[in-house]
Amino acid sequence: MAELLSTKFHETLPEKYVRPETQRPLFSEVITGTKIPIIDLKSPVDQIISQIAHASQSYGFFQVVNHGIPDELLLKVMAIAIEFFRLPAEEKEKLYTDDPTKKVRLSTSFNVARETVHNWRDYLRMHCYPLEKFMPEWPSKPDLFKEVISTYCKEVRQLGMKLLGAISLSLGLEEDYIKEALGEQEQHMAVNFYPQCPEPELTYGLPAHTDPNALTILLQDPEVAGLHVLKDGKWIAVDPLPGALVINIGDQLQALSNGRYKSVWHRAVVNSSKERLSVASFLCPSNSALVSPAKKLTEITPPVYRDYTYDEYYKKFWSRNLDQEHCLELFKS
Ligand code: OGA
Ligand code: NI
């Protein structure tokens, strides 16, 4: 069994976290100071929709402000998440598993059973919808964990559905198109904890990957940067914007939009002075949903992807290593 990073202090980077020289982050080549689009959800609807269209085609990422989730709640989520990772080792060990099929699990790296090099991350992954079904299995410590996280989950789902409506409209589809196509969507959460790392230039928190789900809503640490997004062959640092949420298009929306919107490569790097936290919420099609490029879009460009069920896709995703080719490449028509 692999060991959680957050249960002890590391003075040196263990060998199994060291990437081969050609695969390291190269911090000096990362672009800082440019921004992925920031969309104000209080703007006029037409403006929001055209901004979403542009961001989803050119970046696959954007940030939203005035999204309706109170700042105070975002701060509470961050605080409870950090408290969780500071629980005593014995408490965390009870939740630890390497089995990616478990619906509530505390684990480390990405897919420890498969990967050859590990990542400098611990994470708590939980199913979140319907709440009544999964909440009983969530951690019962810290005391307020379930209360704070469930409140956030409801808010995030509402925001996600609103965004899916706007994304549908921005593709020229009916507002409900995506919601209907994806069925009763699942909602998963990954609470990512990236401890201080003795040699951040040799490893990753999360190596380059695309998200296998439909839409991701990421709450970043308001103080510590670490997310990079690939744009035109270069890595762009997404510096934290307190109160904002980072949105990205996942593989399923790339397929459904017939390749018009991009599920882009992104990664998380670590640093030697501060731990970093992020909370990713994933909206996913129901397992039985048949994912296919929207007919209205294939009248313009022939289908790029074949039809498949999300169940098939998800199994394929977890059977691979993170930094391989884009998983969608395996579903081309
Ligand atoms: C993820 C992810 C980025 C981050 O959890 O899929 O890309 O900054 N996280 O933690
Ligand atoms: Ni991701």
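Keep in mind that the model is predicted. Ligand 1 sits in the largest cavity, and ligand 2 is a nickel ion held by His 209, Asp 211 and His 266. Those three residues also turn up in the shell around ligand 1.

- Sorted by class, the shell comes out as 6 nonpolar, 4 polar and 2 charged residues.
- The residues around ligand 1 include Leu 206, Leu 218, Leu 227, Ala 280 and Phe 282.
- Asn 192, Asp 211 and Arg 276 are among the other residues around ligand 1.

**Ligand 1: polar contacts**

- Tyr 194 puts a polar side-chain atom 2.6 Å from an oxygen atom of ligand 1.
- For Ser 278, a polar side-chain atom also lies 2.6 Å from an oxygen atom of the ligand.
- His 266 has a side-chain N or O atom 3.0 Å from an oxygen atom of ligand 1, and His 266 is a nickel donor as well, through NE2.

**The nickel site**

- The protein donors are NE2 of His 209, OD of Asp 211 and NE2 of His 266, and they lie 2.1 to 2.2 Å from the metal.
- Along the chain, the donors follow the spacing H-x1-D-x54-H.
- Asp 211 and His 266 link distant parts of the chain, 55 residues apart.
- Asp 211 is in the loop between E6 and strand E7 (215–220), while His 266 belongs to strand E11 (residues 266–268).

- Most residues other than glycine have a negative phi, and most peptide bonds are trans.
- The peptide bond from Tyr 129 to Pro 130 is cis, with omega near -5°; Pro 130 falls in the loop between strand E4 (122–127) and helix H4 (131–134).
- Lys 141 and Pro 142 are joined by a cis peptide bond too, with omega about -5°, and Pro 142 is in the loop between H4 and helix H5 (145–170).
- Ser 109 has a positive phi, near 60°, and you'll find Ser 109 in the loop between strand E3 (104–108) and E4.

Technical notes
Residues numbered from 1 in each chain as written. Chains lettered and ligands numbered in written order. Predicted model: local features only at pLDDT ≥ 70, side-chain atom pairs only at ≥ 80, totals over all residues. Heavy atoms only, no water. Near = heavy atom within 4 Å. Polar contact = N/O pair within 3.5 Å; in protein donor to acceptor, adjacent residues only side chain to side chain. 1 Å grid on protein atoms, 1.4 Å probe; cavity = no way out; pocket = protein on both sides within 12 Å on 5 of 7 lines; lining within 4 Å. Sits in = over half its atoms within 2 Å of the grid points. Nonpolar A, V, L, I, M, F, W, Y, C, P; charged D, E, K, R; others polar. Donors = N, O, S within 2.8 Å, 3.2 Å for Na, K, Ca; no water. Helix = DSSP H or I, 4+ residues; strand = E, 2+ residues; numbered from the N terminus.
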